[in-house]
Protein chains: 2
Amino acid sequence: MDRVATIRDVAARAGVSIATVSRVLNGSGNATPETMEKVRAAASDLSFRPSTIGRNLKAARTRTVGVLVPSLTNPVFAESVAGIQDAAAEAGYSVLIASTDYDPGREVRAIEGLLSNRVEGLVLTVADADRSGSLDTLDEVRLPYVLAYNQPERVPRAHVSVDNVAASRAVVERMSALGHRRIGMIAGRFRQSDRSRRRHAGWLAALGDAGLPPGPVVEVDFNETRLAHRLAPFLEGPERPTAFFASNDMLALATIRALRDLGLSVPDDVSVCGFDGIEVGRLMAPSLATLVQPARAMGATAFECLRTGFSGELQGRAVMLPFTLRPGESLGPAPSTSSQALSERRHTQS
Amino acid sequence: MDRVATIRDVAARAGVSIATVSRVLNGSGNATPETMEKVRAAASDLSFRPSTIGRNLKAARTRTVGVLVPSLTNPVFAESVAGIQDAAAEAGYSVLIASTDYDPGREVRAIEGLLSNRVEGLVLTVADADRSGSLDTLDEVRLPYVLAYNQPERVPRAHVSVDNVAASRAVVERMSALGHRRIGMIAGRFRQSDRSRRRHAGWLAALGDAGLPPGPVVEVDFNETRLAHRLAPFLEGPERPTAFFASNDMLALATIRALRDLGLSVPDDVSVCGFDGIEVGRLMAPSLATLVQPARAMGATAFECLRTGFSGELQGRAVMLPFTLRPGESLGPAPSTSSQALSERRHTQS
DNA sequence: CGGGCGCATGGAAACGTTTCCATTCTTCAC
DNA sequence: GTGAAGAATGGAAACGTTTCCATGCGCCCG
């Protein structure tokens with residue numbers, strides 16, 4: 001009696017067959033007005049909700065998509081998941097979610113789980129789309145998927161992203177226009193992230209075009225949050241960078257924090273620009289200059305691609321979303337007499 | 001041929017019955033070593049993954065929990081979802097997620113969807129746990145659920161939260177100890193949020209205990225991000241507050257931003273303390289002082305309560321998690337000669 | 001040497017739907 | 001009035017599992 005009502009209960013109460021109940025409730029086939037009325041009344045009395053699991057079994061489709069992200073606590077992924085969510089709800093799909101916390105073991109288990117749940121497809125962001133066991137598995141079982149944020153270089157895989165190289169160029173060009181000549185980069189591990197590699201490539205290319213020498217590159221781990229000791233070695237001497245490009249916003253925030261801890265002012269001594277466009281960046285002081293990816297649209301678009309079968313026949317296709325450069329107080333003009341002013345201020349401050 | 005393998009395919013390939021395949025793969029019942037070997041080989045050849053949907057239908061349990069949050073893009077919810085995720089993965093549960101974006105219509109649809117998917121229980125955060133149609137629905141169908149963050153006042157409902165009143169008192173006591181005598185509050189709409197009401201109550205009580213008059217209360221909408229015009233009226237005159245307590249961190253950030261826009265310095269002119277303990281608060285300048293809720297543990301605990309049947313017989317029970325006050329640069333001592341210093345600075349700045 | 005016991009295995013039902021097909025009944029045209 | 005067409009409805013199969021029950025077999029013990 002605590003059991004939830006089944007279609008059989010409804011049929012019994014309405015005095016019809018289960019076939020009729022099904023037809024009435026799904027609007028398929030015809031039925032007498034009074035039959036429809038009886039059925040609807042019975043269903044409502046019992047607060048009957050068709051079991052999607054029974055339905056799925058029969059229909060061999062689940063109307064469920066899987067989502068796999070490295071972390072929900074990074075706003076850029078949270079936002080993209082929200083976009084997927086919106087689009088999925090709109091289309092009547094459910095969303096089964098899993099996060100990996102950058103743990104390969106958890107990643108394969110998560111994929112196994114989603115596969116067992118017979119999701120119709122996946123939207124996911126992996127560390128390295130060129131070298132991913134999980135993606136190989138998906139290819140093997142022929143389950144459609146669309147990558148978000150990833151931009152595979154060698155293996156053709158359906159993905160939605162921004163043009164990371166062009167976007168990074170835009171950042172560097174901006175810095176260059178502001179008078180910066182020595183521009184460093186803080187980047188996620190190249191071996192672990194296709195995005196980081198691409199963004200580094202764009203940085204390097206733009207520097208070349210501008211005739212500037214590449215500044216220091218600091219590779220850091222995803223969850224590294226104390227960067228002061230990593231940056232300190234590069235901040236001595238007259239050749240020190242006046243600007244840093246961070247390969248994502250969390251790194252940019254950590255960088256700003258570290259620079260402050262080291263007694264430097266942002267942007268007076270050193271400018272910082274991030275990549276992602278997280279919203280909190282607007283609220284802080286100094287507000288974060290960043291290359292904005294349309295995160296919500298990224299998720300929504302990825303879902304839409306998936307739903308419209310984009311990755312079935314059209315495998316390996318890519319959608320590039322537009323990016324914009326959001327100005328912010330963390331990115332200012334290069335200091336004019338940088339070396340003196342800086343040294344003095346640091347002495348008085350410490 | 002593009003079909004995924006079923007247990008029947010495995011049985012055929014191994015030359016045994018489906019019953020045997022099921023037993024071997026589930027480790028239930030006995031089987032000859034060579035039979036087990038054959039079955040495992042066949043399953044692996046076909047990369048067979050038992051369909052949880054077939055399994056669920058039979059077992060009448062889905063090993064799936066539903067999660068409903070107002071928004072995934074608020075870090076405090078994202079973090080709690082991550083905690084649920086962790087605990088669920090650990091326990092072999094899948095997580096079906098839905099977000100409402102503070103839209104009641106979306107909320108009921110989301111609940112309907114989760115119900116149809118036959119989740120075994122829900123962890124959710126609603127606007128007002130005392131007046132929620134969704135919760136009434138859940139009570140009606142007797143589906144176990146545990147609230148996270150919510151702290152219902154009148155209706156007994158299982159929940160995991162911090163003691164919002166005590167926590168708010170702690171904030172006010174801290175402010176009072178720092179010399180603040182006029183303390184305002186920025187709060188989410190009371191009608192829409194039990195948390196906001198509780199935190200307001202704590203604020204009020206603590207002020208009373210300290211013999212301080214209640215400062216201005218500014219009620220704002222959830223997604224209101226430009227607060228300058230709302231705050232401006234309260235920042236004139238000698239009786240203006242020297243500190244604001246914001247009922248959540250997003251509001252605190254918006255408040256700091258607004259104060260800066262109005263030419264005030266945080267914390268030299270006005271202090272601000274938030275509530276939630278979001279991580280980004282640490283990274284910004286000034287770093288955010290905030291009442292820290294253990295968000296991840298909140299999610300994990302809520303899931304655990306759900307799993308262990310907490311809300312079945314033990315309906316209406318509550319778990320209170322410990323909170324801490326995280327100091328931050330946004331909360332400093334009250335300005336000594338506040339009125340003169342402030343007025344002058346404002347004039348020179350604007 | 002025979003009876004019984006226990007182990008390995010298979011057959012079949014059940015879970016909650018949808019849907020094909022068959023059946024009954026109405027109705028209309030000739 | 002008769003036949004056919006079509007509408008309303010019901011019966012039953014199917015989806016992929018798990019699990020109860022039955023069957024067959026080998027072996028041990030008396």
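Leaving aside neighbours within four places in sequence, which residues is A:Val123 in contact with?

**Entry 1: ground rules.** I am working on a predicted model, where local features need pLDDT of at least 70, side-chain atom pairs count only at pLDDT 80 or more, and totals for chains, interfaces and linings use all residues. Residues are numbered from 1 along each chain as its sequence is written, and chains are lettered from A and ligands numbered from 1 in the order in which they are written.

**Entry 2: the core.** I looked up A:Val123. Beyond four places in sequence, A:Val123 is in contact with A:Val65, A:Val67, A:Ile84, A:Val146, A:Ala148, A:Gly299, A:Ala302, A:Phe303 and A:Leu306. Contact here requires C-beta atoms, placed from the backbone, within 7 Å. I then checked the largest nonpolar core, which has 178 residues. A:Val123 and B:Val123 have the most contacts inside that core. A nonpolar core is a set of buried Ala, Val, Leu, Ile, Met, Phe, Trp, Tyr and Cys residues joined through C-beta atoms within 7 Å.

**Entry 3: symmetry.** I superposed chain B on chain A: a rotation of 180 degrees with 0.0 Å of shift along its axis does it, at RMSD 0.0 Å. Of the residues of chain B, B:Leu96 comes closest to the rotation axis, at 2.3 Å (C-alpha). The same surface serves both copies, as 100% of the contact residues of chain B recur in chain A.

**Entry 4: the chain contact.** I counted 44 residues from chain A and 44 residues from chain B. On the chain B side, the elements that supply at least two residues each include helix 4 (52–59), helix 6 (104–116) and helix 11 (249–261). Helices (H or I, at least four residues) and strands (E, at least two) are DSSP runs, numbered from the N terminus. Helix 5 of chain B gives the largest share, seven residues. The chain B side divides into 21 nonpolar, 13 polar and 10 charged residues. For these classes, Ala, Val, Leu, Ile, Met, Phe, Trp, Tyr, Cys and Pro are nonpolar, Asp, Glu, Lys and Arg are charged, and the others, Gly among them, are polar.

Strand 2 (residues 94–99) of chain A pairs with strand 2 of chain B, antiparallel, over three bridges. Pairing needs at least two DSSP bridges. A:Val95 stands opposite B:Ile97.

**Entry 5: the DNA.** I find 28 residues around DNA strand C, with A:Ile7, A:Ala19, A:Ser22, A:Gly54 and B:Asn30 nearest. Near means a C-beta atom, placed from the backbone, within 6 Å. Helix 2 and helix 4 of both chain A and chain B give two or more residues each to the surface near DNA strand C. DNA strand D is surrounded by 28 residues, the closest being A:Asn30, B:Ile7, B:Ala19, B:Ser22 and B:Gly54. The surface near DNA strand D divides into 12 nonpolar, 12 polar and four charged residues.

Entry 6: Why does B:Leu291 count as buried? B:Leu291 is buried because 28 C-beta neighbours lie inside 10 Å; the cut-offs are 20 or more for buried, 12 or fewer for exposed, and partly exposed in between. I place B:Leu291 in strand 10 (residues 289–292) of chain B. Its contacts include B:Ala167, B:Phe275 and B:Leu325. The C-alpha atoms of B:Leu291 and B:Leu325 are separated by 4.5 Å, at 34 residues apart along the chain.

B:Leu207 sits in helix 9 (residues 194–209) of chain B. B:Leu207 is buried too, with 23 C-beta neighbours inside 10 Å.

Notes: Contact = placed C-beta atoms within 7 Å. Least-squares fit on C-alpha atoms with pLDDT ≥ 70 in both.
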